[in-house]
Amino acid sequence: MVKIIIVNYNSEKWIDRCLSSIDQAGLIEHTIIIDNASTDSSLLSIEEKFPQADLIKLSSNLGFGQANNVGIKKAYEQDSDYVFLMNQDVYIEHDTIDCLIKIAETNPDFGILSPIHLNGNGSELDFSFSNYIIPGQCKKLYSDAFLQKLAPLYEAPFVNAAAWLLTRKCIEKVGGFSPSFYHYGEDDNYCKRVLFHGLKIGIAPQSIIYHDREHRTENIYFDNTALVHKRKLIKIFSDPFNNQQSVSKVYIICFKMMLKSLITLQLKSLKQHYQTIRIYTSIDWKMISHNKKKSLREGRSFL
């Protein structure tokens, strides 16, 4: 059995088409929607047009990862064999998920399977996704596509979480998303944890989704330099393969660089290092360390 999980937040532009594509695939009754305290008309649309879906209304916005964890936990407790995580701005084909499940059944060493991501109208690859399947990241896919001899599955170290099929085995070994991340970065961390726990990540080119995001030009989670820097630091110190860096050492390096800038009167550099230290002090390092240690243990972490 498969459960589709969608985190909804002010999705009135996409949710009708998103859920209609699921309905046309005959899977709307297997869909769990977690609403992150939306304030637009999307909730009303869901309730009126797709009452078969299981709608969970959160009282506050938990962010992408933790809201997904609510759905993953419920799907697991309902004995689902697979969970398909799907963005609110994604549309599927009638056989998108069936194709992934068939491949998962014959490749039990893969914890995450992803379809190919096209843009919203299907005219080309989703641009960000295309960066994840370049030859240096995903061997032979480009070459095989050009030579028209695509294999059923290609291994990759990362693919974004817009459309993931998670196996029950993956959930039991890796768990859910780390609460160290609020929005963005959680999928990168999850992929590293999947690899750390001995599972693989794959892309199935016969399976397709449409990711309707190419016309968006603003994103506060990437436009805000401080947020980007903070997220980068959390990613580094949450990486299960990273045992080299310590928070105290980085603090010392930053203070030394700031002192050097002060002595040499490099005011621009001084300001940059000061801002970096402010970002460091804003992070709950105790919580980050706790979550990393938890993620290293095999089991249903964070669920």
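Student: What is Asn69 in contact with, leaving aside its neighbours within four places in sequence?
Tutor: This is a predicted model, so keep that in mind throughout. Asn69 is in contact with Gly176, Phe177, Phe302 and Leu303. Asn69 itself lies in helix H3, residues 64-77.

Student: Why does Asn69 count as buried?
Tutor: Set the value against the cut-off. Buried means under 20% relative accessible area. Asn69 has 7% relative accessibility, so it counts as buried.

Student: What makes Asn8 buried or exposed?
Tutor: Use the cut-off again: under 20% is buried. Asn8 has 0% relative accessibility and therefore counts as buried. Asn8 is found in strand E1.

Student: Which residues does Asn8 touch, not counting residues up to four places away in sequence?
Tutor: Among them are Ile15, Ile33, Ile34, Asp35, Ser42, Ile46 and Gln88.

Student: Is Gln148 buried or exposed, and how do you know?
Tutor: Exposed means over 50% relative accessible area. Gln148 stands at 74%, so it counts as exposed. Find Gln148 in the loop between helix H6 (141-146) and strand E7 (154-155).

Student: What is noted about phi in Ala37 and in Gln148?
Tutor: Start with the general rule. Most residues other than glycine have a negative phi. Phi of Ala37 is near 60°, a positive value, and Ala37 is not a glycine. Gln148 has a positive phi of about 55°, and is not a glycine either.

Student: What makes helix H8 largely enclosed by the rest of the structure?
Tutor: Count its residues. Eight of the 11 residues of H8 (residues 186-196) are buried, so H8 is largely enclosed. The buried ones include Glu186, Asp187, Asp188, Tyr190 and Arg193.

Student: How do you know that strand E4 is mostly covered?
Tutor: Five of its five residues are buried. Both faces are covered. Tyr82, Phe84 and Met86 are buried on one side, and Val83 and Leu85 on the other.

Student: How do the strands E1 and E4 pair, and over how many bridges?
Tutor: Two strands pair if there are at least two bridges between them. E1 and E4 have four bridges and pair in the parallel sense. In this pairing, Lys3 stands opposite Val83 in E4. E4 also joins E8, with five bridges, and these two run antiparallel. Met86 stands opposite Ala163 in E8.

Student: Which strands do the buried residues of H4 pack against?
Tutor: E4 (82-86) is one of them, and E1 (2-8) and E8 (163-167) are also included. The buried residues of H4 (residues 96-106) include Ile97, Leu100, Ile101 and Ala104.

Student: Why is H1 called roughly parallel to H2?
Tutor: Look at the angle. Helix H1 (residues 15-24) and helix H2 (residues 42-49) pack at about 30°, with their axes 10 Å apart. Angles under 35 degrees count as roughly parallel. That makes H1 roughly parallel to H2. Ile15, Asp16 and Leu19 in H1 meet Ser42, Ser45, Ile46 and Lys49 in H2. These contact residues divide into three nonpolar, two polar and two charged.

Student: Why are H10 and H13 called oblique to each other?
Tutor: The axes of H10 (residues 225-238) and H13 (residues 285-296) come within 9 Å and cross at roughly 40°. Roughly parallel needs an angle under 35 degrees, and roughly perpendicular runs from 65 to 115. H10 and H13 are therefore oblique to each other. Leu233, Ile234, Phe237 and Ser238 of H10 make the contact with Trp285, Ile288 and Lys292 of H13. The contact residues divide into five nonpolar, one polar and one charged.

Notes:
Residues are numbered from 1 along each chain as its sequence is written. This is a predicted model: local features need pLDDT of at least 70, side-chain atom pairs count only at pLDDT 80 or more; totals for chains, interfaces and linings use all residues. Side-chain values use heavy atoms; hydrogens and water are left out. Axes are lines fitted to C-alpha atoms, for helices over the stretch in contact, and angles run from 0 to 180 degrees between N-to-C directions. Angles under 35 degrees count as roughly parallel, over 145 as roughly antiparallel, 65 to 115 as roughly perpendicular and the rest as oblique. Contact means heavy atoms within 4.5 Å. Ala, Val, Leu, Ile, Met, Phe, Trp, Tyr, Cys and Pro count as nonpolar, Asp, Glu, Lys and Arg as charged, and the others, Gly among them, as polar. Buried means under 20% relative accessible area, exposed over 50%, partly exposed in between (1.4 Å probe, protein chains only).
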